[in-house]
Amino acid sequence: MSELNIVLVEPQIPQNTGNVARTCAATGARLHLVGPMGFKVDDAKLKRAGLDYWHLLDINYYVDLGDFFSKNTGEFYYFSTKAKNVYSEINYPDKAYLFFGKETAGLPEELLFDNPDRCVRLPMISEARSLNLSNTVAIGVYEVLRQWGYPELKNYGSLTKYEW
């Protein structure tokens with residue numbers, strides 16, 4: 001069983017975190033929430049964005065980055081608009097951790113400076129500051145899963161009224 005880990009560092013907008021939680025639930029990715037967060041985990045907006053997928057979610061909470069790093073090891077990749085590497089040019093190993101920073105400031109620059117080969121970006125026009133956090137996470141998750149051949153995911157659909 002393949003393992004993908006999504007790490008949100010100090011998320012501030014409950015709807016974004018709820019959307020990320022839904023992406024993680026639908027893809028089997030583990031979600032790691034690193035505080036301090038800009039909302040409480042029982043926030044109605046967070047729950048509403050995740051809809052009825054919470055029972056499918058493997059979620060872990062951490063006080064801060066120090067707490068996270070003391071409890072986890074693996075291959076860490078840092079998504080940032082400040083990175084030089086393109087996210088789709090990286091070969092992600094099993095048990096990879098994809099890090100995403102808070103909506104207003106991104107990841108701490110010290111993490112980026114200390115890990116330049118593990119920092120990745122999504123290409124966009126120079127006039128755009130960034131993509132929405134939950135959209136960026138979804139793009140990163142599906143790139144990793146594409147590389148892995150979509151393990152354990154249902155890769156077909158069916159019509160309700162018609163046969164193919």
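Biologist: What covers the buried residues of α5?

Modeller: The cover includes β1 (4-9), α1 (14-27), β4 (75-79) and β6 (96-100). Helices (H or I, at least four residues) and strands (E, at least two) are DSSP runs, numbered from the N terminus. Mind that this is a predicted model: local features need pLDDT of at least 70, side-chain atom pairs count only at pLDDT 80 or more, and totals for chains, interfaces and linings use all residues. Residues are numbered from 1 along each chain as its sequence is written, and side-chain values use heavy atoms, with hydrogens and water left out.

Biologist: How do you know that the span of helix α5 agrees with its 15 residues?

Modeller: The expected span is 1.5 Å times one less than the number of residues. For residues 133-147 that should give 21 Å, and the end C-alpha atoms are 21 Å apart, so the two agree.

Biologist: Why does Asn5 count as buried?

Modeller: Buried means under 20% relative accessible area, exposed over 50%, partly exposed in between (1.4 Å probe, protein chains only). Asn5 has 0% relative accessibility, so buried it is. This residue of strand β1 is in contact (heavy atoms within 4.5 Å) with Arg30, His32, Lys95, Ala96, Tyr97 and Leu98, leaving aside neighbours within four places in sequence.
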